[in-house]
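My plan is to start with the whole chain and then look up a few local spots.

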Amino acid sequence: MFKPVSSKVSFPELEKHTLEFWKGRKILQKTNEVRQGGPEFVLYDGPPTVNGNPGIHHVLSRIYKDVIPRYKTMKGYRVFRKAGWDTHGLPVELEVEKELKFNNKAQIEEYGIAKFNAKCRESVLRYLKKWEELTDRIGFWLDMEHPYITFDTGYVESCWWIIKQLWERGLVYQGYRVTPHCPRCGTSLSSHEVAQGYEDAEDPSIYIRFRLSRDAQNPSAKALPKLGWNVQANKWEQEVPALLAWTTTPWTLTGNIALAVSPKEDYALVQSRSPQGTTERLIMARALLDRALGSGNWEILAEFTGRDVSGLQYDRLYEPKPEFVPAGDKLPPHSRVVTADYVSVSDGTGIVHIAPAFGEEDFDLGKVAGLPMVQSVDLDGKMIPNGKAWDGKFVKKADPMILEDLEQRGILHHQEKIVHTYPFCWRCHTPLLYYAKPSWYIKTTAFRDQMVSGNRDINWYPDYIKEGRFGDWLEHNIDWGLSRERYWGTPLPIWRCGRDPGHMECVGGIQELKAKPNVTGIVDPVDPHRPFVDEIGFDCGKCGGKMKRAPEVLDAWFDSGAMPLAQFHYPFEDKAEFETRFPADYITEGIDQTRGWFYTLHALSILLFGKPCFKNVVCLGHIVDVKGEKMSKTKGNVIDPWKIINNQGADALRWYMFTTSPAGNVKRLSVDQVTEAMRKVLSTVWNTYSFFVIYANIDQFDPVKAKRPATTDELDRWIISELHQLIDEVDKAYTNYDPTEAGRKIEEFVDYLSNWYVRRNRRRFWKGENDTDKLSAYFALYECLVTLSKLMAPLTPFLSEELYQNLVRAVDPQAPESVHLSDFPKADLSRVDEKLEADTRLVMKVCSIGRAARSKAGIKVRQPVPVVIVKTRTKSEQESLRCLAPQILEELNVKALEFAEPDVDLAGQSCYCTIEDGGCVVAVPTEIPAELLEEGIAREIVHRIQNMRRNAGFEIADYIVTYYQAEPSLQKAIESQSAYIKQETLSKELLNQPPAEGAFSEKARIEGREVTLGVKKLAT
Ligand SMILES: [Zn+2]
Ligand SMILES: [Zn+2]
C-alpha cells in the first residue's frame, strides 16, 4: 500500500519534511558513497561576496550550480562541490563603514585598522549564516561543512604563493600610471570593475580661451606670422589671439600643462563676435567653426594645419604650487601646443586640453612630449589648497567655482551642458577620477594571445558569449590593476627596503616569511591580515636595510580567481587534491562575470598553467521585474526570495527560473508568474500522482508483486512511447547543460499525461473488476510517475523525492534510499512508436476542434451527440483516426464517427455546425434526438450526485443509496437511465422518494426543471 495522499498539498510544508529527511539520512554525503569508483565531476563554486543578504538573482545562480551536479550524480558521477565564500574587499568594507557611519579612510585609520578588520570579519560571518540558510532551503546541495573562505590564513597563503610565482617571472610590476580612482573609497579600480559601473551623467561642457603669451613665442611655430607675430621684432603687431579649447571637467584645468591639436587637420585664425559682445581673434579647427561659434559668426583671417601651430606658447590659467609637480619634473614658464594623432575634429574645437595627472591619454602624451605633471587634487578627490575659493573642495563641487572664476577673468567663452556616459564606482556610485599614481599590476597583456587561444577550449552556454562578450574582453586586454589602497583584503606580499626602495622581495608563504633574516613582529599564529602583517619586518638581502611591506591589499577578484588552487591550500597541503580537480567540469554565474570572475579565473590559470581552468560555463541572464525593469531598492520592485519560498515553495521558484527562458536570456519574474508555473506543472503532477495513489490503494495494486501484462491498449502504448521519447530528450538536454529544454519537454509530457492519458483512462481505473486491462493501465501510469520523479529530480528535488519515497520506497525497501541516489532513467527506444505518437496527436487535435464545434452549436458538455463528421487532409489521417475512434467518441461524447470525402462542403450544410483548423474540419449536428436528451439529463444527474458524494465526505469506494424527487419529464428520464446512474454513482438503490433520515440532500435545477437529490452511505 502507498501512503494515502491528499489532492491538496502545501509545497513549502512538504519541502521542509524533505529537508529533514535528507539531513537525517545524510543523503548528500551518500551521493558520493554510492558513486564510489565512478568518474568525478568537478564544480567550482564561484564564491559570492557575503556582504549582504542573498537576493533573488543569487537563487538563480545557485540553482544552476545545483541542477547539473544532481543530474551527474544520477548518471553515476561522484560530484565535487565545495562551497566557497568571498569575504574580502571593498563591498565588505563599505558595509562596515555604513554600520559605523564612516565617510572616508581617515575615520577608519582613526578607529584603528585592527578593530575595523575585526568588524569586517564579524560582518561576513553574520551574513554567511544567511547564505547557508538560503542555500539549504532552496535545495542547493553544496559541501558547506568544508567550505573555502577567502579570509582563511591558508587561503591567503595560497594567494601569496601565486603572486610569488608571477613575481619571479617578472609579471608583477609597480607602475606610475593613470588609474581609475574612486575618491570616496580612496582606491584604484581594475578595468573589469570600471566596466561594471558606467552611468549617464550630466556635466558642464565649456569653451575656454587660452591667450597666447604676449612676450615670448617659440619661433619654430610655423603659423606665427599669420597670427600677427613679427618674428624679427619678436613681438605682436596685432591683438594677441587666443586658442579656443573645450572640456567637460573644469577642475582638470588646474592641472593643464599643454593643448593638443591634430597634426593633419586644418585650423584657422578667425575674427568673431564673442558672447560677451566684443570682437576677438580665435584659433581653432576649421571644421568646427559653425558649431563652436555659431553659424556665420566668424570670418577666416588665416588658415594652417595643426602641425603649424605646434609650439605656440600660451599663458597658464592657474599657476601650480611647486609641490604639485613631482620631483624630477620641470615646470616651464609657459605652456605650449603639442600635436597628438588621437585628437579629432568631431566635437569641441579640435583643441584638447591636456592634464597628464588626470587622464590616461594625457599621461601617455606627456611622456612622449616631455610634459611635466601637475597634481592639484588629492586622493580623496579634493582640490589641494592653492589660495583659491575651491581649496579643499571635492572636484565636482569645485567645478562651478572654477567656472565663475574663469568667467570673471574673461577666459570662459561660453558654457553648455552635456549628458554622456561616465564611469562611476560600481560599489558607491561616486564618479571615478582618472588619476596618475603608483599602482601594482600583473602583466596580463603579455599573455593576451594565450588567453584568447585558451578560450577556444571552453564550451560557453550560450555559445555566442565565447567569441562575443568574453572573446572581445580578452582581445582588448590591458594589464590587471592588482592593488587596492584599502584594509580588508589579502595583503600584497611585497616587502620594500627602507634604504633603497628599488630593493624588493616577494614572499610566497608564511614559513618563508618566518625564515627571513632577523625577522621581527611575528606573532603566532600568524594572522596574514593588516595591520598585523604590516608589523612584520626583516633585513634586506641586498643592503641590510629594514624591509617593510608595501601597504596595498589585493583586488578581491584576485582571491576569487585564485580559488582553483587556494580552495585546497595548494601547494602547502595534499597537492593531488588540486591536481586531480583541475580543470573544473562546470562553472556558472551571471553574465556580468565575463569581466569579473570568469576573467580572473581564466587569466590566472593561463598565466600559471597555460590552460583554462574550466571546461563548461553557463552564463545567466539578469532578472528583471514583470515589466522588464531592473529590480532596485529605489524603485521598490525587489522581490525577496523568502517570500516565494515560504508561499509557493523552492521547487516552484526553481521550476519557474529554469523554464521561463534559456539560461542566457533576461528573466522576468513576479510572484504571480511563479504561482502560475506551479499551478500549471507542479500541481498537475501532484494531482496525477494523488489520483494514482487513491485508486491504486483501492485496488491494492502492488507494482513489485503484480506481474505486468503484455499490453495492447493504444493509450498505454502511446504514453509509454511518449515517456521513452521524453527520457531520451531530457537526458540530452541535461548533457548539453540545458535545464530549460529539459523542463519544457517535461512540461509537455505532464500535459499529455494528465489531460489526455489520465482523463481518457479514468473509466479503466474506475471500473469494478481487477482485470489485465486495468493492471496494464496501472503499470503504465506507475512507470510514468516514477520515471517523471527521476527526470524532474535535478529541477524540482523536493517534489521528486516525495513522489519517489511513496511510489518506490514504500513498496520496495531494496530500492535506492533517495531519488537522488537512483540512476537516471534509460530510454528504451524500442518502446517508441512514432506513428502512434503522431496519430494520437492528431486525435487530440480533432477533439480540440470538435469541442469548439460543440460549444459553437451551444451543446452542453454532458449532452451526447449522435454523430461527428470529420474531414481530414489525407486518406492516411482518416485511417489513423479510424483506428483510434474510441478515444474520439468518448472525448467528444458522440455515438458515431463519420468521415466526409474531400469534395463535400460541410460548412454549407445548415444542419451542422462546423469548425476548421489547419485543413481539418469537424462538424456536429445542431438537432439532438429525444432519447439522447434523456441520456444528457442522466449524465447531469450523475455529475450532481458525484459532487454530493464529495461534499458529504464519502470515500470514493463507498456504496450509497440515492433518493430523488422530480417533475414527470425528469422522472421519466431518470427511470429510463437508472442502471447507468446506479453504476456510475455506486448506488445500490435509486429510490423515487424523499431523502431518508441522515441523508445528505440538495435541490438542483436541470434544464430549468427542479429535482431534489439525496445520498446516504451504506454501512460497510
Ligand atoms: Zn567607491
Ligand atoms: Zn636594501
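**Entry 1: the whole chain**

How many helices and strands does the protein chain have? I counted 33 helices and 39 strands. I noted at once that this is a predicted model.

I checked the overall spread next. The radius of gyration came out at 40 Å, well over the 31 Å that the globule rule gives for 1020 residues, so the chain is more spread out than a compact globule. I then boxed the C-alpha atoms along the principal axes and got roughly 130 × 80 × 55 Å.

I looked up burial for the chain. Of its 1020 residues, 57% count as buried.

Residues 24 or more positions apart account for 79% of them.

I found 130 positive and 141 negative side chains. The centres of the two sets lie 2 Å apart.

**Entry 2: helix H4**

I moved to H4, residues 90-100. Is this helix enclosed or open? Eight of its 11 residues are buried, so H4 is largely enclosed by the rest of the structure.

I listed the buried ones: Leu90, Pro91, Val92, Glu93, Leu94, Glu95, Val96 and Glu97. I noted that Glu93, Glu95 and Glu97 are among them.

What do the buried residues of H4 pack against? I found helix H5 (105-111), helix H6 (113-137) and strand S6 (187-188).

**Entry 3: Ser274**

I looked up Ser274 in the loop between strand S12 (266-273) and strand S13 (279-285). Is Ser274 buried or exposed? Its relative accessible area is 5%, and the cut-off for buried is under 20%, so Ser274 counts as buried.

I then looked for its partners, leaving out residues up to four places away in sequence. Ser274 touches Arg209 and Glu280.

**Entry 4: Phe324**

Phe324 is another loop residue that I checked. I placed it between strand S15 (313-314) and strand S16 (335-339). Its relative accessible area is 3%, so I logged Phe324 as buried.

Which residues are in contact with Phe324, leaving aside its neighbours within four places in sequence? I found Met373, Val374, Gln375, Ser376, Ile384, Pro385 and Asn386.

I also took a distance to Gly255. Phe324 and Gly255 are 69 residues apart in sequence. Their C-alpha atoms are 8.8 Å apart in space.

**Entry 5: two strand pairs**

I began with S28, residues 584-590. Seven of its seven residues are buried, and I wrote the strand down as mostly covered. In which sense does S28 pair with strand S29 (residues 614-620)? The sense is parallel, over six bridges. Within this pair, Ile587 stands opposite Val617 in S29.

I then turned to S34 (residues 912-917) and S35 (residues 920-925). These strands run antiparallel and are joined by six bridges. Thr914 stands opposite Ala923 in S35.

How many residues lie between S34 and S35 in their hairpin? I found two. Gly918 sits in the turn, and I read a positive phi of about 55° for it.

Technical notes
Residues are numbered from 1 along each chain as its sequence is written. Chains are lettered from A and ligands numbered from 1 in the order in which they are written. This is a predicted model: local features need pLDDT of at least 70, side-chain atom pairs count only at pLDDT 80 or more; totals for chains, interfaces and linings use all residues. Side-chain values use heavy atoms; hydrogens and water are left out. Helices (H or I, at least four residues) and strands (E, at least two) are DSSP runs, numbered from the N terminus. The radius of gyration is taken over C-alpha atoms; the globule rule is 2.2 Å times the number of residues to the power 0.38. Buried means under 20% relative accessible area, exposed over 50%, partly exposed in between (1.4 Å probe, protein chains only). Contact means heavy atoms within 4.5 Å. Lys and Arg count as positive and Asp and Glu as negative; His and the chain ends are not counted. The place of a charge is taken as NZ of Lys, CZ of Arg, CG of Asp or CD of Glu. Two strands pair if DSSP finds at least two bridges between them.
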